[in-house]
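User: Please walk me through this structure in questions and answers. Keep it brisk.

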Amino acid sequence: MSAGGGKKAILAALTANAGIAVAKFIGAAITGSASMLAEAVHSVADTSNQGLLLLGQQRAAQEADQLHPFGYGRNRYFYSFIVALVLFTIGSIYAIYEGIHKIQHPEDLTSPIVAVVILVIAIALETYSFMTAVKESRPIKGDASWWRFIRTSRSPELPVVLLEDTGALVGLLFALAGVGLTMITGEPIWDGIGTLAIGLLLGVIAVILIIEMQSLLIGEGATPAEDLAIRQNLVDGTRIDRLIHLKTQYLGPDELLVAAKIGTVPGLDVEALAAAIDDAEARVRAAVPAARVIYLEPDLYRAERG
């Protein structure tokens, strides 16, 4: 995923969430709806999250230096991890607390129709943000399912935005249901139940994001398809006749480190060996563009090594 593609989805989400947050706070003040207030806090958290994702991209673009010779690409993973924590602490815990409070101490809504109108407008804006993220993700996702894309993507921003927008849309439906059932039944407890449902939903999404971002922060290797392509292109069958072992790790969403020990045929002089290594690196980079950092160690294969 290019940083530009991810940035378009992030900016769309930031713009939508900022506008929605203002509208929801106004609606919560007018109606006294707990689910509306929970959704307003959720939108503030989401807006902050988009800012953190943009900051992560900016920090990741710093040039490598002596302290960080492989660059700062993992900043994008770090700030995405912070996003997951913000979503959990601000969005989920607050909504759960508010929902339990409103269930225990129900309060009648004032002008609930205002809340309904605001929620419908918010759904339209969130749908625009969600569809932008879907459009940006499709070329990268390929034939994989959306769940597999979220689980296996080495680029954090689009999965984060997709999950946030999905949570926002479902949360808005919970809020709409809570307000609507309160209007129909006259029982304000439904507003508290809608708020609690929003909090639990955000908690589930936050846990998924925390698990995925933690894995990326520790360091994930090439995808199975990339690993196969690397293995196939390292060996040419003439000068390099086998791969002894291979290790890979993503240094950032767009930069893959490849380290391998390769078995070379006996009798190659230094010039021929250097050419063989250069050609192998070129083949790997052509097959896996993210493989920008490649270290190959030539050796003579010995069967007893296994």
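Analyst: Two strands count as paired if DSSP finds at least two bridges between them. The model is predicted. Let us start with the strands.

User: In which sense do strands E2 and E3 pair, parallel or antiparallel?

Analyst: E2 covers residues 255–264, and E3 covers residues 293–299. There are 7 bridges between E2 and E3. Ala259 faces Tyr295 of E3 across the pairing. The sense is parallel.

User: Which helix belongs to the β-α-β unit with E2 and E3, and what is the handedness of the unit?

Analyst: The helix is H9, residues 270–287. A crossover has its hand set by the path from the first strand over the helix to the second: clockwise, with the strands pointing away from the viewer, is right-handed. The unit of E2, H9 and E3 is right-handed.

User: How many residues lie between E1 and E2 in their hairpin?

Analyst: Strand E1 spans residues 240–252 and runs antiparallel to E2, with 10 bridges joining them. Tyr250 stands across from Leu256 in E2. E1 and E2 form a hairpin, and the residues between them number 2.

User: Which helix gives the largest share of the nonpolar patch?

Analyst: At least two residues each come from H4 (112–141), H6 (157–185) and H7 (189–218). Ile113 is in H4. With 4 residues, the largest share comes from H4.

User: Which residues of the largest pocket's lining lie nearest its centre?

Analyst: The largest pocket holds about 520 Å³ of space. Its lining counts 18 residues. Two or more lining residues come from each of H4, H5 (146–152) and H8 (224–234). Nearest the centre are Ile140, Thr152, Ser153, Thr223 and Glu226.

User: What is the N to O distance in the salt bridge of Arg151 and Glu212?

Analyst: The whole structure has 10 salt bridges. One of them joins the side chains of Arg151 and Glu212. The cut-off is 4 Å between the side-chain nitrogen and the carboxyl oxygen. For Arg151 and Glu212, the N to O distance is 2.5 Å.

User: How many residues apart are Arg151 and Glu212?

Analyst: Arg151 sits in helix H5, and Glu212 sits in helix H7.

Key
Residues numbered from 1 in each chain as written. Predicted model: local features only at pLDDT ≥ 70, side-chain atom pairs only at ≥ 80, totals over all residues. Heavy atoms only, no water. 1 Å grid on protein atoms, 1.4 Å probe; cavity = no way out; pocket = protein on both sides within 12 Å on 5 of 7 lines; lining within 4 Å. Points joined across faces, edges and corners; volume = space filled by probe spheres on them.
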